[in-house]
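Here are some exercises to work through with the model open beside you. Try each task before reading its solution.

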Amino acid sequence: MHVTVLSGAGISAESGVPTFRDVETGLWAKVDPYEISSAEGWQAHPERVWAWYLWRHYLMQGVQPNNGHRAVAAWEDHAEVHVVTQNVDNLHERAGSGRVYHLHGSLFEFRCDRCGREYLGELPDMPAPVEAVEPPKCAFCGGQIRPNVVWFGEPLPESAWQKSVEAVANADFVVVVGTSSIVYPAAGLPELALTNGIPVKGNFLMLTLCTILYVAATTGPKVS
Ligand SMILES: [Zn+2]
């Protein structure tokens, strides 16, 4: 039995994962959300973006997996489970899930913004938010170290996307947890399951008219 779980922000909400709105106090109240989640913002003010992500990284370390993450991990006792998540937290992994594909990257991975090499060096502790911190430099090329998250306008990570497509295409069963608004192209994954005749359980609010039309178009009688 091969189960693929598509998860979104809702599964982590019960853990108290801070959203931008929650932490948008004090000095962050003045920050434009686009500036701290876009390549343009990074180019313009890397020290501000880096400070923001260090703070989020610090906050996330104090958050624990909840029963939703634990239930998904426990399925591995009975089935081959693949987790495709839009979340940048690591709560699925910390609950014990072994195969987790982060479509939007991870707050717990860092890489060079020039050569792309993973950064495994030290991060400064940040128990209180500050406005600007100079990002570390890549030891190989001198580029700046950035969080390995997907910002506005950036493509999804190729490897995670490929593994997600395979996990859906090979599933006996697809479960959608904690999202009513999967963002394209991830939104295409439940469609892929449906067009392959794989049962999908979960929140069907995301099945928009477009999805229904898409499924009808791709499973209907061929014209040619
Ligand atoms: Zn580099």
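**Exercise 1. Find what share of the contacts between residues at least 6 apart in sequence join residues at least 24 apart, then judge how confident the model is.**

Step 1. Two residues are in contact if their C-beta atoms, placed from the backbone, lie within 7 Å. Among contacts in the protein between residues at least 6 apart in sequence, the share joining residues at least 24 apart is 71%.

Step 2. This is a predicted model, in which local features need pLDDT of at least 70 and side-chain atom pairs count only at pLDDT 80 or more, while totals for chains, interfaces and linings use all residues. Residues are numbered from 1 along each chain as its sequence is written.

Step 3. The average pLDDT (the predictor's confidence in each residue, from 0 to 100) is 81, and 79% of the residues score at least 70. Over residues 203-224 pLDDT stays under 50, and the model has 19 contacts beyond four places in sequence for this stretch. Where pLDDT is low, the predicted coordinates should not be read in detail.

**Exercise 2. Decide how helices α7 and α8 are arranged and which residues meet between them.**

Step 1. Helices (H or I, at least four residues) and strands (E, at least two) are DSSP runs, numbered from the N terminus; the protein has nine helices and seven strands. Here we need α7, residues 158-169, and α8, residues 188-195.

Step 2. Axes are lines fitted to C-alpha atoms, for helices over the stretch in contact, with angles from 0 to 180 degrees between N-to-C directions. The axes of α7 and α8 come within 9 Å and cross at roughly 30 degrees. That makes the two helices roughly parallel, a term for angles under 35 degrees.

Step 3. The crossing of α7 past α8 is right-handed, meaning that the near helix is turned clockwise from the far one by less than a right angle.

Step 4. From α7, S164, V165, V168 and A169 meet L189, L192 and A193 of α8. By class, this contact has six nonpolar residues, one polar and no charged ones. Ala, Val, Leu, Ile, Met, Phe, Trp, Tyr, Cys and Pro count as nonpolar, Asp, Glu, Lys and Arg as charged, and the others, Gly among them, as polar.

**Exercise 3. Are V81, V200 and K137 buried, exposed or partly exposed?**

Step 1. A residue is buried if 20 or more other C-beta atoms, placed from the backbone, lie within 10 Å of its own, exposed if 12 or fewer, and partly exposed in between.

Step 2. V81 belongs to strand β2, residues 80-85. V81 is buried because 24 C-beta neighbours lie inside 10 Å. Its contacts outside four places in sequence include V3, W75 and R99; V3 is 78 residues away in sequence, yet the C-alpha atoms are 4.8 Å apart.

Step 3. V200 is in strand β7, residues 200-202, and is buried, because 22 other C-beta atoms lie within 10 Å. Among its contacts beyond four places in sequence are P190, A193 and L194, which are buried residues of α8.

Step 4. K137 sits in the loop between β4 (105-112) and β5 (145-149). With 15 other C-beta atoms within 10 Å, K137 is partly exposed. Not counting residues up to four places away, K137 touches G142 and Q144.

How values were computed: Angles under 35 degrees count as roughly parallel, over 145 as roughly antiparallel, 65 to 115 as roughly perpendicular and the rest as oblique.
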